[in-house]
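Here are some notes to read beside the structure. They take the sheet first, then the cores, then the backbone.

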Amino acid sequence: MTAACHTIPFALIDPAVHPDPDACDAWRDLRGTHPVAWCEADGDRPGFWVITRYQDIAAVYRDTARLSSEQGNMLGTLLTGGDPAGGRMLVVTDPPRHSAVRKVLQGAFSARAMAQIADGVRAATKGLVAAVVDAGGGDFVADVAAQIPLMAICELLDVPPADRTLMLDLTMAAMGEDGTPEAAEAAADAQEDILLYYAGLLPGRREFPGEDVVSLLANGEAGGTPLSDAEVLLNCYNIIIGGDETTRLSSAGAVLALIEHPEQWRRLRQDEGLLDSAVEEVLRWTTPVTHLGRTATTDLTLRGCDIKAGDIVTLWNTSANRDEAVFADPYRFDLARTPNRHLTLGHGPHFCLGGPLARVELRVMLEELRHQVGGLELAGPVERIRSSFLTGVSRLPVRCTAAG
């Protein structure tokens, strides 16, 4: 570490540090005075770089030549030796292999494919919201937000309807992180069960391929050679986990933000023209993925700090999406905000492949809230997930009345 570079006095790997992006003044202080800082080693865990300004983070996202994803893109993984899926799962693969595998999948996320899925998303969301309204409320996470992305991703992967509840349970368990050994063991078991499930689908999708993601991967080629079974299974796993977390957490976060900012809820109900900008503001405001990580492949200097080959570099989206140099009044929730070039869905070659689907799901949910819900308020304490990688609510009890 360069002597002049600031050392962060708290452990960013600790889930307790990340209860709410707005509650942490440290990001604002770091952006202003120490935009490239160092987090010291802790026991067996190595130290790592912390990047907090939007401009720097966007530049690092683009720089795949000097900053690699193949050792892992989550801090917890990087601090414990790297990701064994590196080079095989899309999000932890570098170009040119990354580009070749991404090309196999792009058809599943085309505008035509999204239009087909949107009808199913709309029908499901309409029913889920109607059930909550009829009941006078409920837990918005369990009753709505967790259901929408699961249905959409299962459509993409052509998971049989009878198996979708199982997929929801496994996905929730696989992303669990509350710091206990029990949760870690349950997450590992769920991850293995997801991989085994898709392994069971492979023979049929190879013999009778459809247009679903599993079929595309199972019969796809990258660089002139078929994808290995491991690549197929790991990318199925990545799509269902990644596709679930962003929409689930941002959908629940949207409802909480609308309750906490009633004037924005009134604006949305009165003006359908706000829907597109509202989707982007929800994504910026909630920023479900707190950070992504890279590993330096060569020595480089950023804002006077010397980053050595092999160093871990973390990019904090929660900070970038509140950067005063990019967003006017960034701590204000404003559904009409434009432009809104947030980094919630990433940037550069690793821009989220499922971004179009996340936007469809969020827009449809906001549409149904406008059409069906009148009054909306909290009905009990909000519970947040414990994680250093994800941020959002795990339980959101609401009371609601039907639109007049």
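**Notes on the predicted model**

1. Strand 2 (residues 36–39) and strand 3 (residues 48–51) run antiparallel and are joined over four bridges. Within this pair, Ala37 has Val50 of strand 3 as its bridge partner. Bear in mind that this is a predicted model.

2. Six strands make up an open sheet, and their order is 1-2-3-11-8-4. The pairing is mixed. Strand 1 (6–8) and strand 4 (67–68) are the edge strands, each pairing on one side only.

3. A helix packs on this sheet. Helix 2 (residues 54–62) touches strand 3, strand 4, strand 8 (291–296) and strand 11 (312–316). The direction of helix 2 makes about 125° with that of strand 11.

4. Next, the interior. In soluble globular proteins, nonpolar side chains tend to be buried together. Here the largest nonpolar core has 86 residues. Tyr198 and Leu369 touch the most other members. Helix 11 (residues 229–260) gives this core its largest share, 15 residues.

5. What does Tyr198 touch, leaving out residues up to four places away in sequence? The contacts of Tyr198 are Leu157, Val159, Met167, Val214, Leu233, Cys236 and Ile240.

6. There is also a second, separate core, with 26 residues. Among them are Cys5, Leu249, Leu292 and Val313.

7. Turn to the backbone. Most residues other than glycine have a negative phi, and most peptide bonds are trans. Some places in this model depart from that, and they deserve a look.

8. Two cis bonds come up. The bond from Pro95 to Pro96 is cis, with omega near 5°. Pro96 sits in the loop between helix 3 (75–78) and helix 4 (97–106). Thr338 and Pro339 are also joined by a cis peptide bond, with omega about -5°. Pro339 belongs to the loop between helix 14 (317–320) and helix 15 (355–372).

9. Where is Arg303, and is this residue buried or partly exposed? Arg303 lies in the loop between strand 9 (300–302) and strand 10 (305–307). Its phi is positive, near 50°, though Arg303 is not a glycine. Arg303 has 42% relative accessibility, so it counts as partly exposed.

10. Asp329 also has a positive phi, about 50°, without being a glycine. Asp329 is in the loop between helix 14 and helix 15. With a relative accessible area of 46%, Asp329 is partly exposed.

Technical notes:
Residues numbered from 1 in each chain as written. Predicted model: local features only at pLDDT ≥ 70, side-chain atom pairs only at ≥ 80, totals over all residues. Heavy atoms only, no water. Helix = DSSP H or I, 4+ residues; strand = E, 2+ residues; numbered from the N terminus. Buried < 20%, exposed > 50% of the residue type's maximum accessible area, 1.4 Å probe, protein only. Pairing = 2+ DSSP bridges. Contact = heavy atoms within 4.5 Å. Axes fitted to C-alpha atoms, helices over the stretch in contact; angles between N-to-C directions. Core = buried A, V, L, I, M, F, W, Y, C linked by side-chain atoms within 4.5 Å.
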